[in-house]
Amino acid sequence: MRIPRKMEHVHHALQQGISGAQGFRDIRLLPNCLPGISSDRISLVTGIGELTLSSPILINAMTGGARETEEINRELAAAARETGLAMAVGSQMSALKNPEVASSYRIVRQVNPEGIIFGNLGSEATLDQAKRAVEMLRADALQIHLNVMQELIMPEGDRDFTGMLERIHTIVEGVGVPVIVKEVGFGMVRESAERLLQTGAAAIDVGGAGGTNFAAIENARRARPMEWLNDWGCPTAIALLEVLEARPGTEGRSTPVIATGGITGALDAAKALVLGASAVGMAGAMLRVQREEGTEALIGFIESLHAELRLVMTALGASTVEELHLMPAVITGDTAQWCSARSID
Ligand code: FNR
């Protein structure tokens with residue numbers, strides 16, 4: 001990856017407005033006028049496989065690989081440390097190819113020595129690269145990102161998508177930490193998730209459309225934009241329902257699913273958890289608050305998210321994330337039509 005591209009991504013991600021097209025408007029939570037619980041007994045603890053997280057919200061993969069991105073990672077890591085959030089770094093391939101930039105990733109572990117940190121690589125990575133990426137951060141888990149459409153829109157992007165599942169399987173078997181397979185904002189559907197689950201991945205992050213839009217970002221960088229691809233992908237609410245449908249049904253033994261893509265507030269986070277997500281990833285929203293208002297503001301934003309999540313959980317009568325999974329929701333609009341066309345219950 002060319003280094004300037006990293007800051008271009010940050011710049012274009014910040015330029016994008018919030019489309020709100022992640023589909024959560026179609027999800028309605030049912031009011032409960034007899035919640036039977038007390039706000040001060042609510043727990044936000046959740047699990048992703050063997051990892052226990054004190055919050056279901058995580059700062060998802062964004063950056064690293066250049067001086068400016070080191071500063072961003074340092075500030076995001078400080079906010080993660082102060083609020084107890086898990087945090088992923090951006091793709092570490094640049095540091096594997098050019099060790100001089102490794103400090104822009106390592107800073108995250110230096111700032112937050114006890115925190116839960118995820119490494120990140122693309123599916124072109126070898127097992128050896130995956131091990132080195134984990135070592136670089138003493139990472140608690142490794143994310144493998146899938147970003148086919150982003151690569152296809154980039155003139156310098158990959159064109160060979162053979163062997164992805166096989167490489168992921170090899171990494172899952174050998175890397176020694178849980179592997180989370182994620183999309184970057186185009187979403188996944190049941191058929192892809194079923195195949196990914198066969199690799200033994202510890203979790204799937206649906207990375208749906210409706211938030212940061214990498215088709216639009218890459219088009220903004222192209223001399224000849226292919227804007228007809230800007231709507232490519234599957235909104236997050238739909239991708240979440242698709243991926244949940246792919247899991248083997250055994251109660252309590254299902255692979256955890258993370259919902260990311262256009263989530264900016266507690267209500268949408270709660271909706272994702274009610275649908276069945278174990279955690280909610282936020283990238284663009286965290287970046288925007290940090291860059292525009294600073295790290296203290298980001299800490300305040302995350303604390304508000306936690307307070308608001310507790311408020312919604314109290315109103316629903318759910319004192320844990322597991323209890324949220326049992327809450328009813330009504331699915332309306334395009335999402336309902338999609339589910340019916342795809343026979344998703
Ligand atoms: C990203 N994202 C990302 N994902 C990944 O797996 N590796 C990466 O290197 C990056 N790089 C990156 C840079 C920037 C500036 C942003 C904003 C995002 C994708 C990110 O993790 C997430 O999946 C999407 O951004 C969708 O979530 P939001 O932004 O809509 O909350």
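What follows is a set of questions and answers on a predicted model.

Visitor: How many strands make up the closed barrel, and in what sense do they pair?
Guide: The order of strands runs 4-5-6-7-8-9-10-11 and closes into a barrel. From one strand to the next the twist averages 25°. The barrel has eight strands, and the pairing is parallel.

Visitor: Which residue of strand 11 is the bridge partner of Ile57?
Guide: Strand 4 covers residues 57-59, and three bridges join it to strand 11 in a parallel run. On the other strand of that pair, the partner of Ile57 is Val280.

Visitor: Which residue stands opposite Val280 in the pairing of strand 10 with strand 11?
Guide: Strand 10 (residues 257-260) pairs with strand 11 in the parallel sense, over three bridges. The residue opposite Val280 is Ala259.

Visitor: What is the hand of the crossover from strand 10 to strand 11?
Guide: The chain leaves strand 10, passes through helix 11 (residues 266-275) and reaches strand 11. This is a β-α-β crossover, and its hand is right-handed.

Visitor: What is the bridge partner of Asp205 in strand 10?
Guide: Strand 9 (residues 203-205) pairs with strand 10 in the parallel sense over two bridges. The partner of Asp205 is Ile258.

Visitor: At what angle does helix 5 run to strand 6?
Guide: Helix 5 (residues 127-137) lies across strand 6 (117-122) and strand 7. Its angle to strand 6 is about 150°.

Visitor: Which elements give two or more residues to the shell around the ligand?
Guide: The ligand is surrounded by 27 residues, and the closest are Gly90, His145, Gly211, Thr212 and Gly284. The elements that give two or more residues are helix 1 (3-15), strand 7 (141-146) and helix 12 (284-293).

Visitor: How many residues of the shell around the ligand are charged?
Guide: The shell divides into 10 nonpolar and 16 polar residues, with Gly counted as polar. The number of charged residues is one.

Methods
Residues numbered from 1 in each chain as written. Predicted model: local features only at pLDDT ≥ 70, side-chain atom pairs only at ≥ 80, totals over all residues. Near = placed C-beta within 6 Å. Helix = DSSP H or I, 4+ residues; strand = E, 2+ residues; numbered from the N terminus. Pairing = 2+ DSSP bridges. Right-handed = clockwise from strand over helix to strand, strands pointing away. Axes fitted to C-alpha atoms, helices over the stretch in contact; angles between N-to-C directions. Contact = placed C-beta atoms within 7 Å.
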